[in-house]
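User: Please take me through this model in short questions and answers, with the cut-offs given as they come up.

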Amino acid sequence: MKIAFVGKGGSGKTTLSALLCRHLAALGHPVLAIDADINQHLGAALGGADGTGATAPPMGEHLDVIKDYLRGSNPRIPSAVLMVKTTPPGPGSRLLRTDDANPLWARFGVDVGGVRLLATGAFTEDDLGVACFHSKLGAVELLLNHLVDGAGDYVVVDMTAGADAFASGLFTRFDHTFLVCEPTRKAIAVHDQYREYAAQYEITVSAVGNKISDDSDVAFLREHLGADLRACFRHCPPVRALEQGRPFHLDDLDPATRSALATLQDLVDGTVRDPGRFVAQMHEIHRRNARAWANRAAGVDLTTQIDPAYRPPYPPVPGPSTAPAEITG
């Protein structure tokens, strides 16, 4: 399952991304974590027992390497120069799996407590004033388009703040999106905006309350989010330790926090995947980007990169969701 954490800046996306990664890895699942936030703090949040965190090589500075590997022998992509962030896989393309040994994982991945961490990288001095962060997010979009995650695999992406994900096709690349909400009007506004944009794309979105102080905070979120609210995370000393760079073990978490993490896993495991929609949206977004700017930049018609008959070997679709209807935490 491909999972995204989105929400207002400062809502706790990175913290919850790291907690879920550690929870899943502790259960023995292959976990791929991708830091796609401009602030690049996921490595620190994933810090192991010593609290040191980790830094992954910046993928966004090496898009040519990523493109050249992924295109493989695909006859529709004669060179990496003609490959853009939305280019879909086809016959001959190299596909990725979360737990395989490939040159991209070897070059850009680091292990943090059993979690493989990748990162887009932050702005460099050369980027300031001349580039936007979306150019670096292209690495994540390419990887997700070429990633075949199997049963029991989890890919967790810490996304940029607010509705910024809609500036690219990344928002359609996830099986389940968790929208992190503090009990504030600003967070509710971001939720409503994200929900409005996502509605036409049939994206599975669940709201997750965070930084909850008492039952009145839960009541506030439930009033404004309704059935979208599926779990809540209350203030927890070990989580505060994580945010302050101090080590902690998952066993230090209180029962309510562990229960909320289990609920997130249940929601993900119960998500019904639709590989056909995933591929159709991939192709449509590539067409839109090609016509809007990529054809002009490349000097050729990049819509010919789409092989309409090709389907990546995605795993079978699981059964209907059995996730609990009541929120926890």
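**Burial, sheet and helix packing**

User: What percentage of the 329 residues in the protein chain is buried?

Analyst: This is a predicted model, in which local features need pLDDT of at least 70 and side-chain atom pairs count only at pLDDT 80 or more, while totals for chains, interfaces and linings use all residues. Residues are numbered from 1 along each chain as its sequence is written, and side-chain values use heavy atoms, with hydrogens and water left out. Buried means under 20% relative accessible area, exposed over 50% and partly exposed in between, with a 1.4 Å probe and protein chains only. On that basis, the buried share of the 329 residues is 56%.

User: How many helices and strands are in the protein chain?

Analyst: Elements are DSSP runs numbered from the N terminus: helices are H or I with at least four residues, strands are E with at least two. The count for the protein chain is 10 helices and 8 strands.

User: Which strands stand at the edges of the sheet?

Analyst: Two strands pair if DSSP finds at least two bridges between them. The open sheet has 8 strands with mixed pairing, in the order 3-4-2-5-1-6-7-8. Each edge strand has a single partner strand, so one side of each is left without a neighbour in the sheet; the two are strand 3 (110-112) and strand 8 (229-234).

User: In the hairpin of strand 3 and strand 4, which residue takes a positive phi?

Analyst: Strand 3 and strand 4 are antiparallel and joined by 3 bridges, with Asp 111 having Arg 116 as its bridge partner in strand 4. There are 2 residues between the strands, and the positive phi, near 60 degrees, belongs to Gly 113.

User: How many residues of strand 4 are buried?

Analyst: Strand 4 (residues 115-119) runs parallel to strand 2 (residues 31-35), with 5 bridges between them. In that pairing Asp 35 is opposite Ala 119. Strand 4 is mostly covered, with a buried count of 4 of its 5 residues.

User: Which residue of strand 7 is the bridge partner of Cys 181?

Analyst: Strand 6 (residues 176-181) and strand 7 run parallel and are joined by 5 bridges. Strand 7 (residues 205-212) is mostly covered, 7 of its 8 residues being buried. Thr 177 has Val 205 as its bridge partner in strand 7, and Cys 181 has Gly 209.

User: Is helix 6 roughly parallel or antiparallel to helix 7?

Analyst: Axes are lines fitted to C-alpha atoms, for helices over the stretch in contact, and angles run from 0 to 180 degrees between N-to-C directions. Helix 6 (residues 185-198) packs against helix 7 (residues 215-225) at about 30 degrees, with the axes 11 Å apart. Angles under 35 degrees count as roughly parallel, over 145 as roughly antiparallel, 65 to 115 as roughly perpendicular and the rest as oblique. Helix 6 is therefore, relative to helix 7, roughly parallel.

User: Which residues of helix 7 make the contact with helix 6?

Analyst: Contact means heavy atoms within 4.5 Å. Helix 6 contributes Arg 185, Ile 188 and His 191, and helix 7 contributes Phe 220, Leu 221, His 224 and Leu 225.

User: Is Gly 169 buried or exposed?

Analyst: Gly 169 sits in the loop between strand 5 (154-158) and strand 6. Beyond its neighbours within four places in sequence, Gly 169 contacts Glu 141 and Ile 285. Its relative accessibility is 3%, so Gly 169 counts as buried.
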